[in-house]
Amino acid sequence: MITLSSYLMISLALFLSGLVVMISRKNIIAILLGIELILNAAALNFVAYTRFVNDNIEGHIMSLFIIVIAAAEAAVGLGIVIRFFQMRESIHIDDAAQLQS
Amino acid sequence: MHGSSHLLNWILWMPFIGVLGNLIIPSKKANAIRWWSLINTAITFILTLVLYKQFDTSVAGMQEAFNFSIPWIKQFNIFYTVGVDGISLPMILLTGLLFFICILSSWTVEKSVKGYFALFLFLQGSVMGVFLSLDFFLFYVFWEVMLIPMFFLIGIWGGENREYAAVKFFLYTFFGSILMLVGMVALYYAKGKGVDAFNILALSGGHFTDLKLSMFGTEFSFSKLFFVFMFIGFAIKVPVFPFHTWLPHAHVQAPTAVSVILAGVLLKMGTYGFLRIAYPIFPAASVHFADCIAWLGLINVIYGAFCAMAQTDVKKLVAYSSVSHMGFVMLGLAAMTIQGMNGAVLQMFNHGTSTAMMFLLIGILYERSHHRWIVRPDGSKGFGGLYTQLPKFSIVFIIAMFASMGLPGLSGFISEALIFLGIYEKYTTITVLALLGLLLGAAYLLWMFKRMFFGDVIEECKSYTDMNKREIAYMLPLCVAVIVFGIYPSPILNIMKASVGKLVTLLGTY
Amino acid sequence: MDYTIWAIAPIVLLPFFAFVINAFIVKKFTKLAVTISCAAILGSFGFASKVFSDFVFGKYAEDYHIHKVFNWFDLSYGSQIFKLDMGIYIDNMTAVMLFMVTGVASLIHIFSTYYMAEDKRFGRFFVYMSLFTSAMLGLVLSDNLLSVFIFWELMGFCSYSLIGFYYEKEGAGNASMKAFMTTRIGDVFFLLGILAIWSVVGNVTFVDIYRAISDGSFNGAFALGIPLATFAGFSIFMGTIGKSAQFPLQVWLPDAMFGPTPCSALIHAATMVAAGVYLSLRMYPLMDAGNLTTLIAYIGGITAFGAATIALVQTDIKAVLAYSTISQLGYMVLGVGVGSYNAAFMHLITHAVFKACLFLSAGSVIHSLHDHHTHEHVQDMPRMGGLRKKMPYTFWAMMFCTLAIAGVPFFSGFVSKDRILGDALIMGIASKSYIIPALLGFAGALLTAFYMFRMMFLTFFGEPRDKDLYDHTKKETFSLNRNFPLLLLSVFTLGVFFSGSLTGQGFVKVAGERYEWFKVLITKPKVEKFASYERQPWGNTDIKSNFQLSKAEYDPTYGLPAKEAHHVHHWHLVGALISIFIAFTGIFIAYMMYIKKAWNPGRWVSMFTRWYRALQNKYYFDDFYIGGIIKKGLLPLNNLLAYIDMGLYDRYAVDGWEKVNRAFFTVAKWFDNIVVDTVAVDGTGASVRLFNVVLRMVQSGKIQLYFMIIVFTLVGFIWTL
């Protein structure tokens, strides 16, 4: 029997692995990947809740939005990475610490 | 009040269309910008002529056929209302004509052409707005907006001391505007914030004569207090003594075309303000302060003439002569008779043409000499023998000069004579003293002419060339206007007399 | 009657259109322009002759007038009426003036084609001349003071242009400006007079002014505390003083000779200065009503005598003539003052004829005398002499005119001047206040005869004093455009044309008796006649034929008791004899001094050195006006005011606000800096800085550290739930 909690568990696993990747990896692209995972976790949650709690279409729409936003975000993020690489010849996250005063 | 004709809208917004066009044309194509501006002003001028043609001279109030009104800011009952009557039409014609001519005379401007012409057209639009607005708020907006292009035109394209002059001009006028703003807001509340609280026509007619106002524990007459506020606001623009000192600075520093507009049109906005706003809205207070206006006008006439005679910079001389001549307008306004008032409006028009000629001619001369000294600070002659060197220029100069000093047969005379006829019975002493202004007016102009034009050609002047075709082309319409309206003033008088008569009748009831 | 506008308007319009056309074509077609100008003035003369002959000889030879009005503009609105009408007014005086002005101007035009032919601005001269003449004709035809003023000022402009004609010369600029400004003083008063009259009459038409005088509208009206008739009359007379160069505004006329000589002839004879006297004649009833006649007589007497004394010491031939003009104008004004209306106007006409001729003759002399060293024409009489043989025509023309101006019997000057002096004498005997003007008049007549003959003798008689100049002068041969105007004018200096016959009997028949035409035609305006005057609307010819002249109006003795009539006749006769005696005495003195050389003028000079110097300096009027009033009074005042305006008022009062503001904002800035900023704001800042030290460590810029913080915060937050 697949219940709501099963979905939530998978979602939680996705979220945690994404969080771990984001915090531990120094490669910016990997961090972007981690963000994608987190977003996917959120999307999965939406679909699950809309399916089990009130059976309508809004959660689906929201997850579609999230996919689009994720794609857009990846595009922007990768663009920044490319510019950053051109400037620094590196995609190491600690090299991007210029905001510190 | 939703009129069928959009003519006034076209006249008002045509210059702004020109501004947009100038912004679109790349700044490298200087000639395209010049031609575009010229065509634009020409169209505006033609539209004003069409307006003149369609104008019904028998109507005293606003011409219903041209009125146009739509709500602008509904919450505060502010409307976009434009209209024309016999007092504003001469000013509109003058604006149309002078801007067209000034574009031609600005052909030689080389410093950032795009900005110059864009600002110039912007100035025209806002000036038109002042003369066409029937909504006090709209009037105020255009009145203030007009300062922006003026500030930059003087401050960027002016002479060596331009920033000082521009700031001075701006602050002076702004000071007056603020007083006017206070008056406007007071009227808005006095009128109960109703639908017509900003409508100049609805405000006019002396509704506030008996209104009292309590302030600082004293009771003031509403109309007298705010008449004084409005008076100062408009008087600075005229300029009435003692608010006149921005004028010599602004004139001397401004580029030629801007001086022309300043003297030819902008000064008239002050007196137009009296006729459109201060007088109709506060007729009782106007009658009460008429003596004061007359004396100030007299001081303007005499003091301006005396100061003009002492000047060694020819442009400054003409600037002070404007002070003197606008004093005659003030005298006519103080008369409050049909002769005097008609004379004042006619003098506004005539001074616009004659003084524009003077400034254009000085500009033409300046392009050749690059200085304006009648007598240099070291005592040597700045010019000499120009009559021999520049015959065409001299003839036009003579026409302008004699028109300016009120020679019969040229335009200045009729208006001055009407003003004197209007004012004599009420203020005999002032008339006697003001006649001295006529004498001094002849004296400083002729003295200047003698020093610059007679005698041998001095070494420096020998390289000057006479007026070229373009210069003659733009002086010609003004020459014709000065002569034709000097002999036959009816075309102008007929359009204004009903409206002026109505205003005089209103004032006569107080 | 059947006078249409088209019989009158061309008189003024022809020269005016000539001016308009010539102004455009003169540069390219000089010859054509000159022809147009001359043709126009001759055509105008033709029309004027028609009017003149109709009025003088023909159908209207009594007191008719034509009055046509059109509306210039109308400002009426509702109950407020303001109309400005312009119109044409012709009566006998106008007709005579028109004839004189067009006639003299025509001859001057013709002469100018000779005199100006070599000038580089030949054509332009005629442009101004046409405008000048048309302005004068317009003035004469005007029916109201305002249009008189308009043309009056236009003439001022023309004289400005003509006096400044040689604009390369510095002096021309000074002279033209002086002429314009001096006359402008009078003009401003004139305008004031117009305003004053307007306030009473509501109009400035002559006939309406006469009517107002007759119905007493002026009584009880005051301006600035002065009775209005006096105020207005004086103001208008000031106009005359300015335009006709009377004391104390006479200074401009001598300088006016800076212009070309024919223009001097026009200014001195037919146009400019005549206008002033014409105006005071027209406004005589007002000046009479304002009790100004005594003042006018004094001004006239002083001018007549004073100018004559200055003329005694002039060496420039044109200067002598200029002062003689002022002096003769003084006689006309004296005539107005003593009520000798008819004679004053007659002197205006006779003077116009002989003075035009004198100036043209002087021009003819000057033009012939050409200095080969300086390449300029010679005007100095000490360098002339003996020219009679070189230029006989000019000599005879000038001789006739000199005889006329000196007051020799049978010449026109005698007829008119004698009558003025006779009337002055009668007035002087009747009332003490007129004695001095009368005596000044007689003394001036003596001087006139003397200085005019001094001029003649120095110029035409004796030995040539500048041999070189004399030898280079060509002998005058008769040429039409040079000599014809001179000779024709000199013919008309004969008295017979003005008095009607040699014996003064006259040839105009009125009521069975013969009278002089001038006396019949020109009478003082009788204001009562206009009491019921009503103007006709435009288009209707308006001739009043119902005024029957009473004989008293042209016969001074009519109606008087026989004894008084005898008295008047008696004193007229005495006056005539005195003036004849005086004229011949003056001529005799001049003869003894300059022909016989029996009396040495130098002795007189050394006897009265101070007076001589005063005369040479024109009684120091110029020094007083220019050096005193203008240089010491006006210009310092101007500079002071300009300094107050820009140097004090603008600099301190207006720009002073900047200082005030600066002071304010310095205080505000201090408050802002110390109190607000340092203590309050920076104090806060310091406390913040403490946290800052801690937070800096957190703010590593490393994004993963931020993630960690977020995560731990979240976890902690959730934990506390």
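What radius of gyration does chain C have, and what would a compact globule of 721 residues have? The radius of gyration, taken here over C-alpha atoms, is 36 Å for chain C, whereas a compact globule of 721 residues would be near 27 Å; the globule rule is 2.2 Å times the number of residues to the power 0.38. The structure is a predicted model, in which local features need pLDDT of at least 70 and side-chain atom pairs count only at pLDDT 80 or more, while totals for chains, interfaces and linings use all residues. Residues are numbered from 1 along each chain as its sequence is written, and chains are lettered from A and ligands numbered from 1 in the order in which they are written.

Along its principal axes, the C-alpha atoms of chain C fill a box of roughly 145 × 70 × 55 Å. Its secondary structure comes to 28 helices and 8 strands; helices (H or I, at least four residues) and strands (E, at least two) are DSSP runs, numbered from the N terminus. Of the 721 residues in chain C, 53% are buried. A residue is buried if 20 or more other C-beta atoms, placed from the backbone, lie within 10 Å of its own, exposed if there are 12 or fewer, and partly exposed in between.

Chain B contains 21 helices and 4 strands. Its radius of gyration is 22 Å, close to the 24 Å that the globule rule gives for 510 residues, so chain B is as compact as a globular protein of that length. The C-alpha trace of chain B spans about 70 × 60 × 45 Å along its principal axes, and 61% of its 510 residues count as buried.

One buried residue of chain B is B:Arg451, which has 21 other C-beta atoms within 10 Å. B:Arg451 lies in helix 19 (residues 428-453) of chain B. B:Arg451 and B:Gly384 are 67 residues apart in sequence, yet 6.6 Å apart in space from C-alpha to C-alpha. Leaving out residues up to four places away in sequence, B:Arg451 touches B:Ile374 and B:Val375; two residues are in contact if their C-beta atoms, placed from the backbone, lie within 7 Å.

The chains may now be considered together. Among the 2 pairs of chains that touch, chains B and C have the most contacts, whereas no contact joins chain A and chain B, whose closest C-alpha atoms lie 34 Å apart. The contact between chains B and C takes 47 residues from chain B and 41 from chain C. On the side of chain C, the largest share, 15 residues, comes from helix 6 of chain C. That side divides into 27 nonpolar, 8 polar and 6 charged residues; Ala, Val, Leu, Ile, Met, Phe, Trp, Tyr, Cys and Pro count as nonpolar, Asp, Glu, Lys and Arg as charged, and the others, Gly among them, as polar.

The largest nonpolar core has 445 residues, and those with the most contacts inside it include B:Ile261, B:Leu361 and C:Leu98. Such a core is a set of buried Ala, Val, Leu, Ile, Met, Phe, Trp, Tyr and Cys residues joined through C-beta atoms within 7 Å. Helix 6 of chain C gives the most to this core, with 19 residues. Setting aside neighbours within four places in sequence, B:Leu361 is in contact with B:Phe393, B:Val396, B:Phe397 and B:Ala400.
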